[in-house]
Amino acid sequence: MKQNSDSIKKGNSKILIVDDHPVVRQGLAQLINQSPGLAVCAEAENALDAMGHIEKYKPDLVVLDLSLGKSSGLTLLTSLKSRFSRLHVLVLSVHDESIYAERVLRQGAKGYIMKKAASETVIEAIHKVLSGDIYLSSEMKDKLIHKMIGAGTVNDRTPIDTLTNREIEVYQFVGQGMPTREIADKLHLSVKTVETYLARIKDKLHIANSRELIMHAMQWVQKTNP
């Protein structure tokens with residue numbers, strides 16, 4: 001991975017990019033490095049590399065993708081907030097914010113922005129999180145405010161909202177066409193454990209069988225990955 005820590009000017013905020021796509025990392029690094037006051041100190045494609053880079057480079061902020069090749073962004077986020085409680089994390093993802101934004105905020109992230117956002121909006125989000133504020137789109141802010149003031153009720157929750165982080169990861173992998181054993185390997189779980197999660201997902205989503213689960217999951221993945 002390309003590291004830029006040696007060339008970082010004093011006073012610049014150090015940014016760690018965690019994304020499993022080299023082209024995305026390169027484009028994001030270019031954008032950040034061209035912005036006054038910001039500099040990319042390191043790039044990582046998985047959770048293990050990210051943890052090592054945080055220990056070594058002490059970034060001020062992590063820009064984190066939720067979909068990592070051999071690891072889970074949600075799981076990594078939980079680990080980051082457990083080990084580095086003061087570290088700012090901004091989630092940058094293709095996934096629909098209506099599904100994930102509130103979830104990642106509860107896990108300790110300080111902002112959520114979708115990859116389709118304009119470049120200037122990404123930089124705005126980075127600065128806002130670095131300043132200690134929370135960044136969300138105006139639409140997502142309205143939704144959360146509506147929920148907080150009590151206009152939203154339990155009945156407003158969708159079945160997907162009832163899934164735990166691990167269950168939603170499994171559900172997403174099902175929607176991507178992964179068989180149970182592959183999901184188990186990816187999440188470092190036993191096949192039996194994954195089967196237990198699948199049973200819970202079917203129960204929570206009121207799905208009768210595995211075939212119906214695959215169909216629903218594939219439709220959901222298509223909807224949340226524009």
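This is a predicted model: local features need pLDDT of at least 70, side-chain atom pairs count only at pLDDT 80 or more; totals for chains, interfaces and linings use all residues.
Student: In what order do the five strands of the open sheet lie?
Tutor: The pairing is parallel. Read across the open sheet, the order is β2-β1-β3-β4-β5.

Student: Which are the edge strands?
Tutor: Look for strands that pair on one side only. The edge strands are β2 and β5 (111–114).

Student: By how many degrees does the sheet twist from one strand to the next, on average?
Tutor: Axes are lines fitted to C-alpha atoms, for helices over the stretch in contact, and angles run from 0 to 180 degrees between N-to-C directions. From one strand to the next, the average twist is 25 degrees.

Student: Why is β1 largely enclosed by the rest of the structure?
Tutor: Buried means under 20% relative accessible area, exposed over 50%, partly exposed in between (1.4 Å probe, protein chains only). Strand β1 covers residues 13–18. It is largely enclosed because the number of its six residues that are buried is five.

Student: In β2, which residue stands opposite L16?
Tutor: β1 and β2 pair in the parallel sense over six bridges. Facing L16 is A42.

Student: What is the handedness of the crossover from β1 through α1 to β2?
Tutor: Point the strands away from you: if the path from the first strand over the helix to the second runs clockwise, the crossover is right-handed. This β-α-β crossover is right-handed.

Student: Which residue meets R25 in a salt bridge?
Tutor: A salt bridge is a side-chain nitrogen of Lys or Arg within 4 Å of a carboxyl oxygen of Asp or Glu. The N to O distance here is 3.5 Å, and the partner of R25 is E43.

Student: How many residues apart in sequence are the parts that this pair ties together?
Tutor: R25 lies in helix α1 (residues 22–33) and E43 in strand β2 (residues 38–44). So the pair ties together parts whose separation in sequence is 18 residues.

Student: Is E43 buried or exposed?
Tutor: Its relative accessibility is 8%. So E43 counts as buried.

Student: Which residues does V170 contact, leaving aside neighbours within four places in sequence?
Tutor: V170 is one of the residues that touch the most other members in the largest nonpolar core, which has 55 residues. Such a core is a set of buried Ala, Val, Leu, Ile, Met, Phe, Trp, Tyr and Cys residues joined through side-chain atoms within 4.5 Å. Contact means heavy atoms within 4.5 Å. V170 is in contact with I183, L187, V194, Y197, L198 and I201.

Terms used. Residues are numbered from 1 along each chain as its sequence is written. Side-chain values use heavy atoms; hydrogens and water are left out. Helices (H or I, at least four residues) and strands (E, at least two) are DSSP runs, numbered from the N terminus. Two strands pair if DSSP finds at least two bridges between them.
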